[in-house]
Every structure is written in C-alpha cells, then in structure tokens.
Amino acid sequence: EMLQMFHDQRAEKEAELNALYEAANWTDYGIKAHALKSTALTIGAEALSARAKELEMAGKKADEAFIRENHPALLQMYADVCDSIAGL
C-alpha cells in the first residue's frame, strides 16, 4: 500500500519540486526534498533518500549551484524507483 501511494504521488511531488526549482525558492525546495527523503527511506529507497538529503541540505544553505547540478539526477532516481514499483 505504501509503495503504491509513493508511486501514485510522483507526478504531484515532481511538479512541486520543479516549480520550486524554477522559482529558485531554495528554502521550500529543501523542505520538499526533506519530505521525499523521508518517504523514500520509509519504502527502502536508500539511494534516493540519500540524494534527497543532499538536496535538502543544499536548500537550507541556498546552494543554488549544487541544486542546479543535482536536481535532474534526483528526478531520474525518483522516476527509476517509481518505475520499479510499477512493475510489482
């Protein structure tokens, strides 16, 4: 059930992250990354959780360069996890 919910919320969560990324709202971006970190860890997606944590910390420090460099990889990891869940 948790895996299905994680999968089903992907579009909404990605849209939120992307909107904050585009607006350069690093504080709120960090908050959304924190939420993704926690939920990813809950379902056992440890690599995704670790990447989200890095971006959470970057958001707290307003480290725009790090976020811009790593945001696409975060979204790809998120997609990969959700794709693997869809196959269950």
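Start by selecting Tyr21, Trp26 and Tyr29: ring pairs link these residues into a cluster. Rings of Phe, Tyr and Trp (its six-membered ring) count as a pair if their centres lie within 6.5 Å, with planes under 30 degrees apart called stacked, over 60 edge-to-face and the rest tilted. Before going on, know that this is a predicted model, where local features need pLDDT of at least 70, side-chain atom pairs count only at pLDDT 80 or more, and totals for chains, interfaces and linings use all residues. Residues are numbered from 1 along each chain as its sequence is written, and side-chain values use heavy atoms, with hydrogens and water left out.

**Stop 1: the rings**

The count comes to 3 aromatic pairs. Zoom in on Trp26 and Tyr29, an edge-to-face pair with 6.1 Å from centre to centre and 80 degrees between the planes. Both belong to helix H3 (residues 26-42), where being 3 residues apart separates them by about one helical turn. Helices here are DSSP runs (H or I, at least four residues), numbered from the N terminus.

The cut-offs, for a 1.4 Å probe and protein chains only, are under 20% for buried, over 50% for exposed and in between for partly exposed.

**Stop 2: two histidines**

Select His71 in helix H5 (residues 64-86). His71 is buried, at 4% relative accessibility. What joins the side chains of His71 and Asn18? Look for a polar contact of 2.8 Å. Such a contact is a pair of N or O atoms within 3.5 Å; within protein, one must be able to donate a hydrogen and the other to accept it, and residues adjacent in sequence count only if both atoms are side-chain atoms.

Next, jump to His7 in helix H1. His7 is partly exposed, at 27% relative accessibility.
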